[in-house]
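Hi everyone, thanks for making the time. I'd like to walk you through one fold today, so please have a look at the screen while I talk.

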Amino acid sequence: MKLRILDDSLRLRLPRGDVERLRATGRIEAAIHFGPGPQQRLVYAIAVDPQGQRMRATLTGTDVVVHIPQSVAHAWADGEEISLSADQSLGDGRTLSLLVEKDFKCVVTRPGEDGYDGYDNPNTSC
C-alpha cells in the first residue's frame with residue numbers, strides 16, 4: 001500500500017493483493033519506521049467498518065486509519081470502480097480529503113518493481 005499526504009489530503013493506493021486481503025480480512029496496514037521503538041513509526045491502515053455510514057479517517061497515537069463502510073468496501077473490491085473518495089469536516093472550516101485507489105502497474109517498469117502486483121494499466125504511458 002502506498003501513502004501520499006499533501007496538506008489536508010490523504011491518498012492510499014492499493015495493489016491487487018492488498019485489495020484482496022482487505023476484502024478477506026477487513027483490515028490492511030503498513031508502517032514507516034523512523035527509529036527502533038514502536039513510538040517511532042507511523043502506521044497507516046484501511047479498515048472495513050460493518051456499522052459505518054461514511055468513509056472517514058482517524059488518528060490515534062501514531063496510527064492513521066481510513067474506515068470504509070463494509071458495503072462500499074466490498075462493492076469496490078469486487079467491482080471495476082477504481083477509487084473511493086470522501087471529504088471529512090475537521091471544524092474551523094477545514095476539510096480532510098480522502099482518496100483510496102486501486103494502484104496500476106506503471107507502463108514502464110521501474111527498478112525494484114518487477115513483480116509488483118498492481119492492476120493492469122489502461123494507459124499506454126505513465
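I'll start with the overall layout, then take the sheet, the helices and a few single residues.

A word on the ground rules before we go in. This is a predicted model, with local features needing pLDDT of at least 70 and side-chain atom pairs counting only at pLDDT 80 or more, while totals for chains, interfaces and linings use all residues. Residues are numbered from 1 along each chain as its sequence is written, and side-chain values use heavy atoms, leaving out hydrogens and water.

So, the layout. The chain has two helices and eight strands; by that I mean DSSP runs, H or I of at least four residues for helices and E of at least two for strands, numbered from the N terminus. Reading from the N terminus, the order is β-β-α-β-β-β-β-α-β-β.

How much of the chain is buried? Of its 126 residues, 33% are, where buried means under 20% relative accessible area, exposed means over 50%, and partly exposed is in between, with a 1.4 Å probe and protein chains only. The chain exposes about 7900 Å², with 48% of that supplied by carbon and sulfur atoms; these areas come from the Shrake-Rupley method with a 1.4 Å probe, and for residues only the protein chains shown count as cover. As for contacts, meaning heavy atoms within 4.5 Å, if you take those with a separation of 6 or more, 38% join residues 24 or more positions apart.

Now to the sheet. Four strands form an open sheet in the order β3-β4-β6-β5, and the pairing is mixed. Here two strands pair if DSSP finds at least two bridges between them. At the edges sit β3 (27–33) and β5 (56–60), each pairing on one side only. From one strand to the next the twist averages 15°.

As a quick reminder, strands of a sheet pair through backbone hydrogen bonds, in either the parallel or the antiparallel sense. We get both here. β3 and β4 are antiparallel, over seven bridges, and I28 has I46 in β4 as its bridge partner. Strand β4 (residues 41–49) also pairs with strand β6 (residues 63–69), this time in the parallel sense and over seven bridges. On that side, A45 is bridged to V65 in β6, and A47 to H67 in β6.

Why do I call β4 largely enclosed by the rest of the structure? Because seven of its nine residues are buried.

On to the helices. Helix α1 (residues 16–25) lies across β3 and β4 and runs at about 125° to β3. Axes here are lines fitted to C-alpha atoms, for helices over the stretch in contact, and angles run from 0 to 180 degrees between N-to-C directions. In α1, the buried residues include G17, D18, V19 and L22. What covers the buried residues of α1? The cover includes β2, β3, β4, α2 and β8. Just after α1, you'll find G26 with a positive phi of about 90°.

Helix α2 (residues 70–78) lies across β4 and β6, at about 85° to β6. How do the two helices meet? The axes of α1 and α2 come within 10 Å and cross at roughly 140°. That makes α1 and α2 oblique to each other, given that under 35 degrees counts as roughly parallel, over 145 as roughly antiparallel, 65 to 115 as roughly perpendicular and the rest as oblique. In this meeting, V19, L22 and R23 of α1 contact H74, W76, A77 and D78 of α2.

Let me pick out H74, which is found in α2. H74 counts as buried because its relative accessibility is 19%. Leaving aside residues up to four places away in sequence, H74 touches R23 and V48.

Finally, two aspartates in loops. D7 lies between β1 (2–6) and β2 (9–14) and has a positive phi of about 50° although it is not a glycine. Buried or exposed, then, for D7? D7 counts as exposed, because its relative accessibility is 72%. D92 lies in the loop between β7 (83–91) and β8 (94–102). D92 is not a glycine either, yet has a positive phi of about 55°, and at 81% relative accessibility D92 counts as exposed.

That's my tour, and I'm happy to go back to any part of it.
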